[in-house]
Amino acid sequence: MKKFFAILVLVVCTTAIGSALDNTRVAIVGSDRALLRGLPVPGKEVAGKKSQSTLAMPCPGNMTINLASGECGRTIDQFGFGFPDIDVQNLSIFPNNNTDEVGATLYCPSGQTVYRRTFFHSGPTDMKLVSLYLGVYEAYNNPLVTFNFYSSGGQKIGTYTTNVPNMNQSVMFVPLPFDQQVYIPASSEYIMEVVTNAPYISVFKIGRNNDGNAPGYSEASISAPDCLSGGFQEEGPDDYSANSIVFGARAVPQDYKTINLSNGYKEGDFFPIGQHLMNYQVVDAAGNSTACSFMIQVNQFSGASGVMACNDKVNVALNDECATSLTPAMVLEGEQYGCFDDFDVDIFGTNGNSIGDVVTTSQSGQTLRYQVTGPNGNRCWGEILVEDKLPPQLECHDVYATCTTDLRPGSFVSPRVPVSAYIENGALDSEEPSVTTFDIDVAHLMGSTIQDLNIYLDITHGRVSDLSANITSPDGVTVPLFFDLNCIGQNMMITLDQTASSTFTDLQNTCDPADAAIAGNFQPFQSLDVFNGKPLEGKWKVTIFDQQSGNGGTVNQVHLIFIQQGAFVPFPVSGNVTYTHIENNTYVVNGADNCGSATLTYTDEVVQEDCASVYSKIVKRCWKGLDPKGNIADPCCQFIYVYRNSLATLQFPPNYDGLPGHEAALTCFDFGTTKPGTDITGKPTGDLCASVQILEPVDVKIDICDKSYKLLRTHKVLEWCSGQVIVHNQIIKVLDNEGPGLSCPDVVTISTDDHDCFASYVVPLPQIDSECSDEVTYFISYNYLNDNTDEFEDVNADQDTRMVTGLVKGENRIRWHVTDACGNSSECRFSVKVEDRVLPNAVCDQVTVASLTACGAVNAEFAPFVEFCCEEVNTTVMVELLVTDIHGNSNSCMVEVHVQDKLPPYITKCPSDITIDCKADHNNLDVTGRPAYIDNCGVVEVTSKDAANINQCGVGLVSRTWTVKDGQGYTHSCVQRITLFDSNPFYVNQDDATDPDDDIVWPAHYTTEECHASLQ
């Protein structure tokens, strides 16, 4: 029987006072407008459902659960609470004293503005936000506004972006879609944020009033990190003292909240063996609460006997992680066991060592012994066969690629990914201003991030100055693309590229008479780099504004051209893989099977799409797989959607005309006689599909001068699906824009004319090193002064004979000025040195004698004198005498010179007289010494002669005469005396035969007593 408890709870409502900091804490009050400035009136019914004053609910009864053999507990899905459906009071979260009036605003005119408030949900149950209210001072061109919700810790718990209709000084309520609703826990802080974009094209200005906030609350925080100098702007009447940003929300509280007071168990938990006391407090939306207690008793299996029996052999299959834990339930026989958690399982490897209770792929195919030990110490044994029974797990996901992508699995998607909007009706109303938004869904570019983004727009319109546009990313960031165009011409075909050479100012001021009036690549108003690093996937929005009536049009094409990194064509496997291509469409893939590699094979079925599709083709790729154990995977198919790139990525070759931002003109040296081909100047390129055809270009040649001309090269590109033909004129100039390359001599030296101090000179033509023209003209001029000025004259220069007369002695300068057929000129200059070269007469003696006083060196060049060397003594040398006048003119004559040396040699030091022992070698000059001598040209011979008077004992006197001789034959001598003596004469002591100083050693006396003894 159900038990019911009824309690009466007095509910007292209070208003929470918020913090005075930037993020204001706001109380939740009733939805009745009469209650906004104070507390709810007790007993008064407020808007929404009626709240009950008491909480009555059945409390679950006690539970007893008897476990079966081996069980250690039981999962309990429901306790048996019987919550009746109750009426709840809706909540209106209004922090403002006045939520009906708006009369002012505060915003950043040049950047995104963020308004924030911190709220406190004081209700007893969780609540669900269902709608928002927002003060609007001005909304024009359907601006986008984003609402973000955060926990007090800063974690985002919800977001919603919506267009605000055109309105002024009003309050609008915004219902939250079911999939965008935000849940706020009971008794918790949360943050509500309103994000608006800069009011360039779509204008949104949040509303304020001068009634202020509820007592105790301050203004919302306002920030604009990208606001330019000048800061925030305030609008409204001068006497309007606005002091409250108007925004808030409505919410629905949940009926009940249950709180476990005794333990952490809840419905759906596993309850182990034992007794579990469950104490609960239940609170309803009105704050009424009740408590109940019940017992959950989980009893272990009563039939446990302690007897164990193991299966002899058990097949064990590895799980999807290629590892399986062997449990007692898998190997024990019978139904006589208590909780299996009390049993231990050990598995023994092929080496007999325990490996625990887990087998992995390393044991696959092995038969292993196991042991189970019960809580009472009993054991049993058996064997297991480890098997891999799971096939490869294939997961096929759709893939998006481009027609230039290699579609083989594992290949990276082409970096440039153009995605076009599907335009069913791109009409722009001519009767009144209009706003048209085109959604572009980008999906399944796995692992990709944006590196760059360009936007291609093709719009037919009668007056393009009426147009403006912006783009919004999937995360709600809006970037204005263009506005305030100064062109009343028709049609535009532009690519907005952050790196374009033409700026946004160029875009605003471009207006060509041709169709389209605005065409080319331009930078957008605001940088598109804000999207770099973000994922591509999601819904992008491009909004076109026609801001004036009277001229309608059609949006023909909208393309987003992403430069992305990381997208690839995946294998049918979640997570990272490595692979090896085997043959055809067959791969060995690691990561597809739980226990190792798998062989995967695919077949493709290609469906070519018609021109109505944004895809050029769709590939149905069906996979099958097999692992090494023979397990066959469940096949699956993935679809590869190949975007039709159309002309969004079309890039024409640049102009070769040398203008700013263009390539330099080509030179006549390379293409003066032949036109440059497209291999030089380029062709239209892009990630183009088969539906795009590039036609051969057509050239129109316009001659300028000899071997110089212009080419107007017309490229045509045809998109067969749309019928669109794009014509682009490429300007190519082949120019001779340089003067002739000239070479003149450095310096030329000439002589004055005979009997004259001036010179005449026939100037040679300069050498033409490089020139395109076949004919050139020459003009010669000169400068007598050589003062490095450009004052050249041609009075004495005959242009026909090239004769220049009157050149003065010294340096003169000659200038050639050469002009080609295209009017290009160049010049070269060189110096002409005029000298007096009349030779003087030289007269020499036939023969002369030169005496050397010192040794000189031969002078091989002309000098004021001639030095002769000692080697030339007693020789005859021919000497040339050179005579030069003051102008440097020279003549010479010859003379014979007999060279003589008149100075004799001289011994500067004769070897010293010396006395030496007679046993010494007096012929050893290292002992007796050598003479020292000098001569102006050197000694050619040194001799010595001895006169000796020595007795038979080697004692006596040696007189040695030294003589030196030079090359002329002159000599000089000196005498050295060498005395020989006996330093140790013979000594014998006649009186003492034993004197140790005797030079004779006498034999000792000998005595013997033996007859006939030997005396040897």
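A: Let's start with a cut-off: a residue is called buried when its relative accessible area is under 20%, with a 1.4 Å probe and protein chains only. Tyrosine 337 comes in at 2% relative accessibility, so it counts as buried. Keep in mind that we're looking at a predicted model here.

Now for the partner of that ring. Tyrosine 337 pairs up with phenylalanine 343 in an edge-to-face arrangement, with 5.9 Å centre to centre and 85° between the planes. Phenylalanine 343 is buried as well, at a relative accessible area of 10%.

That's one of 37 aromatic pairs. Another one is made by phenylalanine 94 and tyrosine 133, again edge-to-face: the centres are 4.6 Å apart and the planes are at 85°. Phenylalanine 94 belongs to the loop between strand 7 (91-93) and strand 8 (105-107), while tyrosine 133 is part of strand 10 (residues 127-140), so the pair ties together parts that are 39 residues apart in sequence. Both ends of the pair are tucked away: phenylalanine 94 is buried with a relative accessible area of 3%, and tyrosine 133 is buried with 1%.

One aromatic cluster is formed by Phe79, Phe81, Phe83, Tyr256, Tyr265, Phe271, Tyr280 and Phe294.

Zooming out, what are these rings sitting in? The protein chain has five helices and 69 strands. Its radius of gyration is 58 Å, well over the 31 Å that the globule rule gives for 1016 residues, so the chain is more spread out than a compact globule. Along the principal axes, the C-alpha atoms fill a box of roughly 165 × 145 × 70 Å.

As for burial across the protein chain, 42% of the 1016 residues are buried. Look at contacts with a separation of 6 or more, and 70% of them are between residues 24 or more positions apart.

Terms used: Residues numbered from 1 in each chain as written. Predicted model: local features only at pLDDT ≥ 70, side-chain atom pairs only at ≥ 80, totals over all residues. Heavy atoms only, no water. Helix = DSSP H or I, 4+ residues; strand = E, 2+ residues; numbered from the N terminus. Rg over C-alpha atoms; globule rule 2.2 N^0.38 Å. Buried < 20%, exposed > 50% of the residue type's maximum accessible area, 1.4 Å probe, protein only. Contact = heavy atoms within 4.5 Å. Phe/Tyr/Trp six-rings, centres within 6.5 Å; stacked < 30°, edge-to-face > 60°.
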